[in-house]
Amino acid sequence: FEELLAFVPYMHRFLSKKRIRHHILVLNQVDHFRFNRASLINVGFLESGNDTDYIAMHDVDLLPLNEQLDYGFPEAGPFHVASPELHPLYHYKTYVGGILLLTKQHYEMCNGMSNRFWGWGREDDEFYRRIKGAGLQVHRPSGITTGYETFQHLHDPAWRKRDQKRIAAQKQEQFKVDREGGLNNVRYRIESRTALTVAGAPCTVLNILLDCDMSETPWCTFG
């Protein structure tokens, strides 16, 4: 929540200055399953309405500090704003996490993200393989000279612990490509949709109840 209080007004100012029309959707998981970032992004896509033509998959704890970063329409293919040359933590060349822009058409071509990743991590590595499988090319910023100072990373690992546990079959599963699931089989209900302003900046909070098929992904709970 405290990251959100910083994120919403900062991003609203940042994008308004760049004259980019935008709406911030906060994807808040309120069920009792483990965190599932990929399913939440699928839900955000499905709930984003017909008046949007592209999405930014944007971690709440990553703020762009360099105004030259491009947040425009990613016509040529997925545009990875938080590229490995610039992200303060992740530097491997197939990294596509943090901040990734995609046209809605390209996201659909990938069938969105896999819903099999409960707990923290790996869903973006699988998504990289989906992007490639859809015949799309990942593009990244050029001419940015601020290096690893390009973003502010708000995450405090001591205070906000990540669920990095791998349960039973999940250990093998986490490296596989999910060829069946994605946008087509995400199961969810919107508990509430609340329009908020944070320090004058508008956003919509979606409280999302994800559903889990225990026969497919029994690692969605700690039970």
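Seven aromatic pairs are found in this structure, where rings of Phe, Tyr and Trp (its six-membered ring) pair if their centres lie within 6.5 Å; planes under 30 degrees apart count as stacked, over 60 as edge-to-face and the rest as tilted. One of them brings together phenylalanine 14 and tyrosine 71: the ring centres are 5.5 Å apart and the planes stand at 70 degrees, so this pair is edge-to-face. Phenylalanine 14 belongs to helix H1 (residues 2–17), while tyrosine 71 sits in the loop between strand S3 (62–64) and strand S4 (79–80), so the pair ties together parts that are 57 residues apart in sequence. Helices (H or I, at least four residues) and strands (E, at least two) are DSSP runs, numbered from the N terminus. Ring pairs also link Tyr10 with Phe14 and Tyr71 in a cluster.

Before going on, please note that this is a predicted model, in which local features need pLDDT of at least 70 and side-chain atom pairs count only at pLDDT 80 or more, while totals for chains, interfaces and linings use all residues. Residues are numbered from 1 along each chain as its sequence is written, and side-chain values use heavy atoms, with hydrogens and water left out.

Now to the cysteines. The structure holds one disulfide, meaning a pair of cysteine sulfur atoms within 2.5 Å. Its partners are cysteine 212 and cysteine 220, with an S to S distance of 2.1 Å. The torsion about their S-S bond is about -85 degrees, so the disulfide is left-handed.

The table gives relative accessibility for some buried residues; buried means under 20% relative accessible area, exposed over 50%, partly exposed in between (1.4 Å probe, protein chains only).

| Residue | Relative accessibility |
|---|---|
| Cysteine 212 | 6% |
| Cysteine 220 | 0% |
| Cysteine 110 | 6% |
| Cysteine 203 | 2% |
| Phenylalanine 14 | 6% |
| Tyrosine 71 | 3% |

Finally, the sheet. Three strands form an open sheet of mixed pairing in the order S1-S8-S7; two strands pair if DSSP finds at least two bridges between them. Strand S1 (25–29) and strand S7 (188–198) are at the edges with a single partner strand each, so one side of each is left without a neighbour in the sheet. S1 and strand S8 (residues 201–210) run parallel and are joined by five bridges. Valine 26 has valine 205 in S8 as its bridge partner.
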